[in-house]
Amino acid sequence: MVGKAMDTANSTPLERDARLVNAREHRVRPGEIAVGVVIGRTSEFFDYFVYAIASVLVFPSLIFPYVDALTGTLYSFAIFSLAFIARPFGALLVIGLDRRYGRGVKLTIALFLLGGSTMAMAFLPGYAQVGSAAAVILALLRIGQGFALGGTWDGLPSLLSLNAPPARRGWFAMIPQLGAPLGLMVATAVFAFLLTTLDPADFLDWGWRYPFFVAFAINVVALFARLRLISTPAFERLFESRELQPSPVGEMFREEGRTVVLGAFAPLASFALFHLVTVFPLSWVVLTSGEKPVRFLIIETVCAAIGVVAIMLSGLIADRIGRRTLLGISAGLIGVYSGFAPQLLSKGRGGEWTYMVLGFILLGLAFGQSSGVINGSFSPRHRYTGAGTTATISWLVGAGFAPLAALLLASHFGLLSVGVYLASGAVCTLAALGMNRELGHKAS
């Protein structure tokens with residue numbers, strides 16, 4: 001069966017050409033997989049955060065100058081959410097490309113669409129040039145980003161987790177998650193540099209466009225780094241031996257839909273917190289403090305580095321107590337955090353630092369194990385498609401509307417309501433873990 005799947009998925013001329021270009025006979029090492037995973041995820045999250053930061057600092061005044069700053073930011077966050085809605089549709093389409101032409105061809109198409117959509121934003125006209133059409137263009141490009149993100153699943157995180165030593169699976173599971181804080185560090189540092197070196201008029205006129213060009217360049221580097229891995233004969237054999245081949249989505253849902261649903265809700269605490277310490281606080285501070293945004297971008301850069309350390313600690317802790325246990329404990333701590341932390345954003349610089357440092361520590365512990373916990377819960381036949389589908393649904397449900405919801409709640413009901421929103425994510429995680437006590441045990 002596996003051989004047949006390999007013939008179907010990877011025997012086309014396009015895929016054979018990709019393998020010939022990248023063919024290198026060498027022994028596969030987990031470290032090589034880890035490098036490919038980190039490079040790929042960092043490039044994706046850099047794109048992600050460049051757009052998110054621009055949604056706060058640029059788009060409200062460039063695209064929505066006819067409304068107040070708060071409304072313009074809410075409109076920007078509404079467009080921000082479109083990528084998460086488009087992502088499942090992109091995933092469905094590229095699964096067909098994957099099965100017919102191979103993951104190398106699929107990944108090339110997806111990353112060029114992602115990079116192209118991102119770079120095109122660098123040429124985005126403003127409301128002053130084209131009126132309301134500027135918002136339409138931005139929305140279409142954002143949909144293109146989301147559609148492409150649905151196709152960037154290459155199976156390497158699953159392969160890394162399954163290829164890890166049994167006693168160190170928690171450590172290897174956290175490696176893909178490092179891409180998020182690393183991408184945030186680079187994105188915030190680039191914007192902080194531009195804001196520091198340019199006057200506000202130049203930044204809003206042309207300076208903000210440079211990070212989108214950088215994003216395209218990083219995508220190209222990441223594409224070749226990932227293709228070098230997945231197109232080599234050694235990795236093809238490893239994918240084959242682990243049965244990491246695409247399966248029909250409908251069949252996967254019929255046979256393992258419960259695992260998908262529970263796996264999608266298990267990381268909601270970390271996914272809700274993800275945006276509440278990265279995107280939302282920047283918008284809130286910019287709108288309410290009256291201070292220059294570069295100060296808070298520096299806070300985010302420092303705290304992202306703390307997040308890297310916390311994610312690494314999650315791997316060490318998970319290998320001692322189990323990933324499911326760590327997810328449960330971290331969800332409980334996030335619930336406690338939700339009761340007092342959001343109010344700190346109104347307590348000045350000390351409150352902001354406390355909110356961000358504590359938030360990134362908890363995010364690292366929870367997010368570090370949020371995806372790997374379900375990879376081993378699927379049967380071998382559906383592991384590749386199931387893990388990618390679950391991640392897509394998790395991001396849509398847990399993170400897609402978080403910045404919009406948090407800012408809308410905070411502006412109408414105060415910061416306490418943001419804590420209630422975050423607490424709901426913690427409840428969902430604990431409920432999913434409680435409903436399926438086997439979740440994560442197969443992968444532990």
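**Cysteines, core and a helix pair**

Author: Cys 303 counts as buried, because its relative accessibility is 0% and the cut-off for buried is under 20%. Keep in mind that this is a predicted model. Cys 428 is another story: with a relative accessible area of 26%, Cys 428 comes out as partly exposed. As for disulfides, the count is zero, going by sulfur atoms within 2.5 Å.

Now the packing. The largest nonpolar core holds 93 residues. Those with the most contacts inside this core are Phe 59, Ile 63, Phe 274, Phe 280, Tyr 355, Phe 367 and Trp 395. Helix H3, residues 30-57, gives the most to the core, with 15 residues. Take Phe 280 for a closer look: leaving out residues up to four places away in sequence, Phe 280 touches His 275, Leu 345, Ala 406, Leu 407, Ala 410, Leu 415 and Val 418.

H18 spans residues 293-321 and H19 spans residues 323-340. Their axes come within 7 Å and cross at roughly 120 degrees. On the H18 side, Ser 314, Ile 317, Ala 318 and Ile 321 make the contact, and they meet Arg 323, Thr 325, Leu 326 and Ile 329 in H19. Sorted by type, the residues of this contact are five nonpolar, two polar and one charged.

Technical notes:
Residues numbered from 1 in each chain as written. Predicted model: local features only at pLDDT ≥ 70, side-chain atom pairs only at ≥ 80, totals over all residues. Heavy atoms only, no water. Axes fitted to C-alpha atoms, helices over the stretch in contact; angles between N-to-C directions. Helix = DSSP H or I, 4+ residues; strand = E, 2+ residues; numbered from the N terminus. Contact = heavy atoms within 4.5 Å. Nonpolar A, V, L, I, M, F, W, Y, C, P; charged D, E, K, R; others polar. Core = buried A, V, L, I, M, F, W, Y, C linked by side-chain atoms within 4.5 Å. Buried < 20%, exposed > 50% of the residue type's maximum accessible area, 1.4 Å probe, protein only.
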